[in-house]
Amino acid sequence: MSWSTTLPLLIVGSSLLPGLAIFFLSEERVVSRTILNLTGAFLKLVLVGAMLWGVSHGHHYETRLPLLPELDLVLRAGPLAMLFVTLSAGLWLVTTVYAIGYLEGSPHRSRFFGFFSLCVTATVGVALAGNLLTFLLFYELLTLSTYPLIIHRGTEESRRAGRVYLIYTIAGGALLLLATVWLYTLTGTLEFTVRGFLSELDTSLHPTLIIIFVLLIAGLGVKAALIPLHGWLPQAMVAPAPVSALLHAVAVVKAGAFGIVRIVYDVFGIEFTASLGLTLPLAILAASTVIYGSLRALFQDDLKRRLAFSTVSQVSYIVLGVAIVGPIATIGGLVHLVHQGVQKITLFFCAGNLAETLGIHKISEMNGVGRRMPWTMAAFTVGAFGMIGAPPLAGFVSKWYLGLGALDAGQSWVMIILAGSSLLNAAYFLPILHVAWFKAPPDSWPMERSFGRHETAWALLAPPMVTAILVLVLGLLASAPFSPLEWARLITTREFAP
Amino acid sequence: MTGAFMSIPWVVILIMLPLAGAMACFLYPAKSKSLGLVVALAIFASVSGLGFQLVELGAQRYTVGGWGAPLGIDLYVDGLSLLMLAVTALVGLGVSTYASSYFDHPKAIHFWPLWLFLWSALNALFLSADIFNLYVTLELMGLGAVALVALAGGANALAGAMRYLLVSLLGSLAYLLGVALLYHSFGSVDIVMLSQHIEPSPAALAAVGLMSTGLLLKTALFPLHFWLPPAHASAPAPVSALLSALVVKASFYILLRLWLEIFPLAGASFGQLLGLLGAGAVLWGGIQALRQTRLKLLIAYSTVSQLGYLFLAFPLGTSIAWKGAIYMLLSHAMAKAAMFIAAGNILRSDGHDRIADLDRLAQRLPLTVTAFALAGVSIMGLPPSGGFIAKWMLLEASIRSGQWWWGVVLIVGGLLAAAYIFKVIGHAFTQSEQPHEAGLLPTRMEWAALALALVAILLGLFTTVPFALLEIGLPFDKGRAG
Amino acid sequence: MNEIMTAFLLISTPGLPLLLAIPALRLPLPWSVHIALLPATVLLFVPGSPAIKLPWILWGGVGLGIDEASRWWLAMSVMIWIAAAILLRTHADHSNNNSPRLTTLILLTLAGQIGAILATDMASFFTFMTLMGYAFVSLMILDGDKKVHRAGQLYLVLLVFADIVLFEALLIAAASTEILEFAAVARAIAQSTSPALYLSMAIIGFTLKAGLWPLHVWLPPTYGSARPAVALLLWVVPVATGLLGALRWMPLGVISAPVPGALLQAIGTATILYAVLFGLIRVQRKLLPAYVAIVATGGFVMGLGTGLIYPAVWNQYGSWAPVFVALVGIGLAIMIASFVWLEKMGFSSSVSNNVSGVVLWIERWPKATIIWKRLSGIDYVPKLLAAWIARWGELWQSHAWHRAFDVGEYLLQRWAFALTLFLLLGMVSVVLLLP
């Protein structure tokens, strides 16, 4: 029972145990609940930091538990895992603070935070999974733990939204299970290996492998919101804002995209995938999603729905980066995983602030809100410009690498897609900024809550400020050591080295 | 100490103890609750003891009264029997705990003797080594179960019990006919002897057919499942739990034993028929469950559907398939018991079990809803649960053997299960038109459900022990490819 | 020691305005814009060509520095900014209470513009230029006047397109070379096989930014109706910086590209002709600077085009380009200042109220599209999906379906049926078992 075998398990447990404990707290025990929440979040961050330090010094961390005959549950720390785990742990802390402020006075908070912690447990498990079985296990656990968050409000509307969510995700999970078992019967192993473990298989199996790939992408594409499997995402906006923030930035959508990254790099291997002729269709699918999501976002008036479609569009950048066979595009896709998460969570935090403080849900109600809530709108501006890809913010860096990678790999049509998408992003984000900063405010807001001198509660204001600053720092200091860009470079050199 | 420990005849204790307990409860009705609980704990301890003995010494035979086969009664224990005994003990312990709070005094007097008698019959069934003994214990079990169903009183329960009785007798009759044919042909009722002497003569095949049909009726395989929903839904909650979890599994266990030991001579097409009927059960039961508006009926149809999964192992026939089916049996027993107990809690607290009116049950009875949800996770076959492990193994077996259509049935069944489970859970979180008050239930009742559901989940995480136990005695490699 | 001082000076030149742009930080300081210009002024007098490289920024290779050409630019900018700052103070009293936002935006624009001048590589130039562009557009939109507002919206659209095109150009440049310093890029483009794509993109991008014909329509209204400080900045900020960008990004003097060069010459000529024919002749006094600016821009672009065609010519006369720009800038500033003085003296001039048709069209068309789309609800995929789900729901609800299942169960429960099935099963089993 050494440190190297238990650390992954501890990281997963650092949110599981507080979560289970929170379930048993009664509604009024606010202080205990807050303490448990924050302790868990800080602990996880500390443990992840320790693991980061260890991995960068060449230590190996792996936990193995036997699950099936000849198949184990494996939690392993590698560079790709660290990328996602750090994102999850960091953003979980921020979202916990936000959720504490947002749900002040709402009913059923213990239940909410319990499932919240379970959700993060599942996300971290997805990140640290060392083979496809473990990945599948935590992936389904993610579905199970996010469903109660979506139906948290207890209205008919949320129940129906939850039902749509389940239809998509459980079907996706079933496809994933089928594909995983099939793959196992062919190869006898499911461990994630750099550059994949399928290239030595007999060529007669290649058609089967193509079918398995399609099934895997379909199963993962549900959560990653690839068209036409994205229908659940706008519906899930009925959940409270912290849930939307977590779902869209960190947990569900990223888990799907991360899964696709794992499949292409660590199961099939990028060279093998390209030789099977699968990368071009995947790239086309991702590109179509990018454009489609942006188009739909353009026509929404509800703020959260617009952000939802924006997520659909942006997450496909990651898949696009993966599908373009080349190291630079890979860096772009991987680093976008982190950058998009931070940007999107900023936007959702701000949307939640607007809804919670002023009762604003639609963009047409946002006239002049920049005067009433300047800090929130400043954070929103930073996030929006990041999405558009304005330098020196985080989104610029990832778009840069994606474009450069496309040129490098000879796929110049991607540049047109990137250009079009940036244009559409500007088209649906700039009007929001214009309305908020330059129009005159109405006489009264739909439903105002006063917070004294401050524009809103500090727990609601601090998280978006922190993440907005992070957007700036991630973009500006992208070449600093330990930045996501450097990690992405590290992962890519391993994958593409001869 | 270990030596003495090892030489205690746990098998005999496992049969005698509940019988003694039943009699004691009958004689001292005032103390029946505490007696029942004590006996349950003792049986649990005995099973653990038997487990240690098994691990040390391997599969064992015990001759009762020194009179061995071919005419005497032998008791045989291997890994499979131990697992069945363990499941019975766990479910029994949980249900006993629950029943001690559920039943008030008049009913309790009748419940405990009947239940302990049923338990004894179950234990004896799992330990029997010859087919006639199996018949006897099957009949006793059936009678006990019928009586328990009728315990609720009222026209529905009595009608259901009556139907159950007739069905049970019909099935046992068919089985007995088969036993007679086999005894006549081969001169023995002992399973081991039969497996050595049997040949595919017409009489033997007819016996096999008859026995199988009788057992299929008792296991409620589609389309002979009609008696199950009324019986399980109208019985009191602890009884429904026992029936769905244990009683129907007993006849399946017999079928499994016979198939593995005596029936290797059967052709592949019979296995395909069983698989086909199992697939039908999965789909029919799943859709029917989705249509139900009352919770207990939903759970009963869910049993019909899950039982179909068990029969998918027959056309596949590999060792992985058998292990998957048995794992499915184990986890389903725990999960279904938990579900019925949860339903009983809801019925007790709200006075009805209409699904559409569950009204924020997640706030009022959080432990119950959690138990239901966790049990549902196992039923759906989602990780991390025993049901997932079983589903994985069956899927693997179906893909490996090239009969991928059973895999499709598994997946579709899982989707249907998800549909009806989440229907209930969705309503449990949502406000309905008529608000309900917060219920007050003894904590024991809620925790019994939760504990059983947790075991179903833990079966999905700690899999080494059950699989290791299954290896003892290795019943899977005789005659069929592993 | 010297290096640290230089580094500090170079960083604080764009950095100080950035810091001061945060309202909370400048509250106690009265003349924030003037203070923000201090490092730039000091830098003007530092001899030589100091330059630094900044580590960790973006993907490496980012730097700030000043050289001969940019010194002229910096000088002109500093002078005009000081004038704008003075004008801002004198008019601050009788403008609306936009003061804090106005100052923030001015400082951001300043930071972006000065940073763009100091940038030594394409990435940082692009960064500062974007900051400057958006801040300046916000300034235009913030203005109370409707016409300026419209012009600002138009310029925003142009800016977005320009930024995208320039980003693509940047990518093409990066594909041919690792280091993005201007000199290195120029060499790399010269050696690459098809510089035409890069050149055309750069041309398009900077055309959009600098207000060349035919996309100059936003310039006249802004000159006419904006507050004087903003009008003063119009040359310095969008136009001149655009021209600086064109100057830097295009590998002048290194290669000869006849086609793009000719294109540039054509645009330049057309601009001058248009401005002279349509502008200067009919113009009101207030709009005069606009057309002068357009003419000057056209001239500059013509020069660029010539330089592209004949690199030798550029190498000889190219160093006059910054001087030209600076002189034009100062001239325009004097013109505008004199108009302000004239106005104070009481010679007011009216500006005509007809808004350019193009502006209106560009403004109305996107809004109309969006409204039309929403009204007609052309969301094919969701509609199809909704229809399909509704039909599925109907199917589920339909009584026939449920009745089928009910009947099935009912039949199965009839004893006759059940017994028949039972016996049937028995017979089938036996039959199947027979070999």
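These are my notebook entries on what I looked up in this predicted structure.

**Ground rules**

I number residues from 1 along each chain as its sequence is written, with chains lettered from A and ligands numbered from 1 in the order in which they are written.

**Chain A as a whole**

I looked up the secondary structure of chain A and found 20 helices and 2 strands, where helices (H or I, at least four residues) and strands (E, at least two) are DSSP runs numbered from the N terminus. The radius of gyration of chain A is 21 Å, close to the 23 Å that the globule rule gives for 498 residues, so chain A is as compact as a globular protein of that length. For that entry the radius is taken over C-alpha atoms, and the rule is 2.2 Å times the number of residues to the power 0.38. Along the principal axes, the C-alpha atoms of chain A fill a box of roughly 70 × 50 × 45 Å.

I then noted that buried residues make up 64% of the 498 residues in chain A; a residue is buried if 20 or more other C-beta atoms, placed from the backbone, lie within 10 Å of its own, exposed if 12 or fewer, and partly exposed in between. Of the contacts in chain A with a separation of 6 or more, 80% are accounted for by residues 24 or more positions apart, a contact being two C-beta atoms, placed from the backbone, within 7 Å.

**Helices H3 and H4 of chain A**

I followed helix H3 (residues 79-102) and helix H4 (residues 109-128) of chain A, which pack at an angle of about 170 degrees with their axes 8 Å apart. The axes are lines fitted to C-alpha atoms, for helices over the stretch in contact, and angles run from 0 to 180 degrees between N-to-C directions. H3(A) and H4(A) are therefore roughly antiparallel to each other, a label for angles over 145 degrees. Among the residues making this contact are A:Phe84 and A:Trp92 of H3(A) and A:Phe116 and A:Val120 of H4(A). The residues of the contact divide into 10 nonpolar, 2 polar and no charged, with Ala, Val, Leu, Ile, Met, Phe, Trp, Tyr, Cys and Pro counted as nonpolar, Asp, Glu, Lys and Arg as charged, and the others, Gly among them, as polar.

In the loop between H3 and H4 of chain A I found A:His108, which has a positive phi of about 60 degrees although it is not a glycine. Most residues other than glycine have a negative phi, and most peptide bonds are trans. A:His108 is partly exposed, with 19 other C-beta atoms within 10 Å.

I checked the length of helix H6 (residues 156-187) of chain A: at 1.5 Å a residue its 32 residues should span 46 Å, and its end C-alpha atoms are 46 Å apart, which agrees. The expected span is 1.5 Å times one less than the number of residues. Just after H6(A), A:Gly188 takes a positive phi of about 75 degrees.

Which chain is touched by 28 residues of chain A? I found that they are in contact with 26 residues of chain B. H6(A) gives the most to this side of chain A, with 13 residues, and the side as a whole divides into 18 nonpolar, 5 polar and 5 charged.

**Chain B and its contact with chain C**

For chain B I counted 21 helices and 2 strands, and buried residues make up 65% of its 482 residues. The contact between chain B and chain C takes 23 residues from chain B and 17 residues from chain C. The largest share of the chain B side, 9 residues, comes from H9(B).

I went on to the loop between H9 and H10 of chain B, where B:Ala220 is found. B:Ala220 has a positive phi of about 60 degrees although it is not a glycine, and with 30 C-beta neighbours inside 10 Å it counts as buried. B:Pro223 lies in the loop between H9 and helix H10 (228-234) of chain B, and the peptide bond from B:Phe222 to B:Pro223 is cis, with omega near 0 degrees.

How values were computed:
This is a predicted model: local features need pLDDT of at least 70, side-chain atom pairs count only at pLDDT 80 or more; totals for chains, interfaces and linings use all residues. Angles under 35 degrees count as roughly parallel, over 145 as roughly antiparallel, 65 to 115 as roughly perpendicular and the rest as oblique.
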